[in-house]
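This report covers annotated spans, strand pairing, helix faces, salt bridges and aromatic pairs. The sequence and structure come first.

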Amino acid sequence: MMDYKSAGVDIEEGYRSVEKIKAYAQRTMNPLVLNGLGSFAGMMEIPEGYKKPVLISGTDGVGTKLKIAFELGIYDTVGIDCVAMCVNDILCHGAKPLFFLDYLACGKLDADVSSELVKGVAEGCVQGKMALIGGETAEMPGFYQEGEYDIAGFAVGVAEKEAIVTGKTIKPSDVLIGLRSSGFHSNGYSLLRKVFSDLSEMFQGVSLGEYLLTPTRIYTDIVEKVMAKFPVAGMAHITGGGFVENLPRILTNPALRIHVRKDSYRLPPIYELLEERGVPRESFYKTFNTGIGFVFCVDQNHQEELLDFLRSQGEDPVLLGFIDEGEEAICLE
């Protein structure tokens, strides 16, 4: 006699997973959410006060950083990464984060593991000031290795149409001010896992495995504070591709160029270890965030005031560079 369980899908374990997940999702809810988990779709009102509201969305996953989580048996941090990679992207256009949906896929469902993953998602949603209003868990035996999961997410925010940050007002002499990252975030891990194959090796008092699992920083709070006080011309989330790929994305005028001073700050010590083990320094800026996770572009007249404000908020900002004119999209010197 054949049934779904004999084919590898345990419906009862799925029910148990959902019940555990509901408790984590509940802490992310707010009065704009119109229903709870379990409906066919999540519902959320757009906040009042917008004349021409525009929805801004982003989607992403965690990538091979998950491999380290599986190897160490630590599952409650990569969910934060999943949220961060999505919400930090939509912040770049001035979005106020509203809600998040997650997608979790595995070969064989373990309710304890899946709920730990979503626990991290819920924590990321709290940090990102958004509600976790729905998601999907897919058990696909034979498709994924047993004990491994994939996780992806989808974030939606809202902005007033006239206030969307597009980069159109960026001009020569504008300055770039960077915020520190919390580590490698969720990028470059195929290379990192190759270089740091022994996750038990110690670095700065913790194992390399634990260091590499440091969750991606979520910038919602500080971005909201900056946008409330300063006219921001552009913002960049430094993800895969580093400065080389991500900073030019803020430009709409092909005559303009990003100019980065590499000596404007010191690379985190882990990069010295990378270089010692054969990763060329010139590749850092097109692979990793090199210690800077988010960048503001503002008029140079606001430079000192913004730097002072960021320091007052506990930040250690970096005057990273400026905008000038040139044929290439970015110059690193």
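## Annotated spans

Over residues 171–326 the chain is 28% helix and 22% strand, and its end C-alpha atoms lie 12 Å apart. The model is predicted. In UniProt, an unreviewed entry gives residues 171–326 the annotation "domain: PurM-like C-terminal".

The unreviewed UniProt entry also lists "domain: PurM-like N-terminal", for residues 54–159. In the model, residues 54–159 are 38% helix and 37% strand. The end C-alpha atoms of that span are 5 Å apart.

## Strand pairing around β4

Strand β4 covers residues 149–160 and pairs with strand β1, residues 53–61, in antiparallel fashion. Nine bridges join β1 to β4. Within this pairing, Gly58 stands opposite Ala155 of β4.

Strand β2, residues 96–106, also runs antiparallel to β4, and ten bridges join these two strands. Lys96 has Val158 in β4 as its bridge partner.

## Strand pairing around β5

Strand β5 spans residues 175–180, and five of its six residues are buried, leaving the strand mostly covered. In a regular strand, side chains alternate between the two faces of the sheet.

Two antiparallel pairings of β5 can be described. Six bridges join β5 to β10, which spans residues 292–298. Here Leu179 has Phe294 in β10 as its bridge partner. Four bridges join β5 to β11, where the bridge partner of Leu176 is Gly321.

Helix α1 has 16 residues and reaches 23 Å from its first C-alpha to its last, close to the 22 Å expected at 1.5 Å a residue. Its buried residues are Glu13, Gly14, Ser17, Ile21 and Ala25. Seen down the helix axis, the buried residues of α1 fall within an arc of 105 degrees, so they line one face of the helix. Glu12, Tyr15, Glu19, Ala23 and Gln26 are exposed on the other side of α1.

In α7, the buried residues are Thr220, Ile222, Val223 and Val226. The arc that holds the buried residues of α7, viewed down its axis, is 170 degrees, so these residues also line one face of their helix.

## Salt bridges

The structure holds 20 salt bridges. One of them joins Glu13 to Arg16, with the closest N and O atoms 3.2 Å apart. How far apart are Glu13 and Arg16 in helix α1? The two are three residues apart in α1, residues 11–26, and are therefore separated by about one helical turn. Glu13 has a relative accessibility of 16% and counts as buried, whereas Arg16 is partly exposed, with a relative accessible area of 36%.

A salt bridge also links the side chains of Glu19 and Lys22, at 3.5 Å from N to O. Glu19 and Lys22 are three residues apart in α1, about one turn of the helix. Lys22 is partly exposed at 32% relative accessible area, while Glu19 is exposed.

Arg217 and Glu315 form a salt bridge through their side chains, at 2.3 Å from N to O. Arg217 lies in the loop between α6 (208–212) and α7 (220–229), and Glu315 in the loop between α10 (303–312) and β11 (318–325), so the pair ties together parts that are 98 residues apart in sequence. Arg217 is partly exposed at 21% relative accessibility; the cut-off for buried is under 20%. Glu315, with a relative accessible area of 12%, is buried. Elsewhere, salt bridges that share partners join Glu13, Arg16, Lys20 and Asp112 into one network.

## Aromatic pairs

How many aromatic pairs does a search of the whole structure find? The search finds eleven aromatic pairs. Ring pairs link Phe184, Tyr271, Phe284 and Phe288 into a cluster.

Definitions and conventions: Residues numbered from 1 in each chain as written. Predicted model: local features only at pLDDT ≥ 70, side-chain atom pairs only at ≥ 80, totals over all residues. Heavy atoms only, no water. Salt bridge = Lys/Arg side-chain N within 4 Å of Asp/Glu carboxyl O. Buried < 20%, exposed > 50% of the residue type's maximum accessible area, 1.4 Å probe, protein only. Pairing = 2+ DSSP bridges. Phe/Tyr/Trp six-rings, centres within 6.5 Å; stacked < 30°, edge-to-face > 60°. UniProt positions renumbered as here; feature names shortened; annotations may be inferred. Expected span 1.5 Å × (residues − 1). Arc of directions from axis to C-beta.
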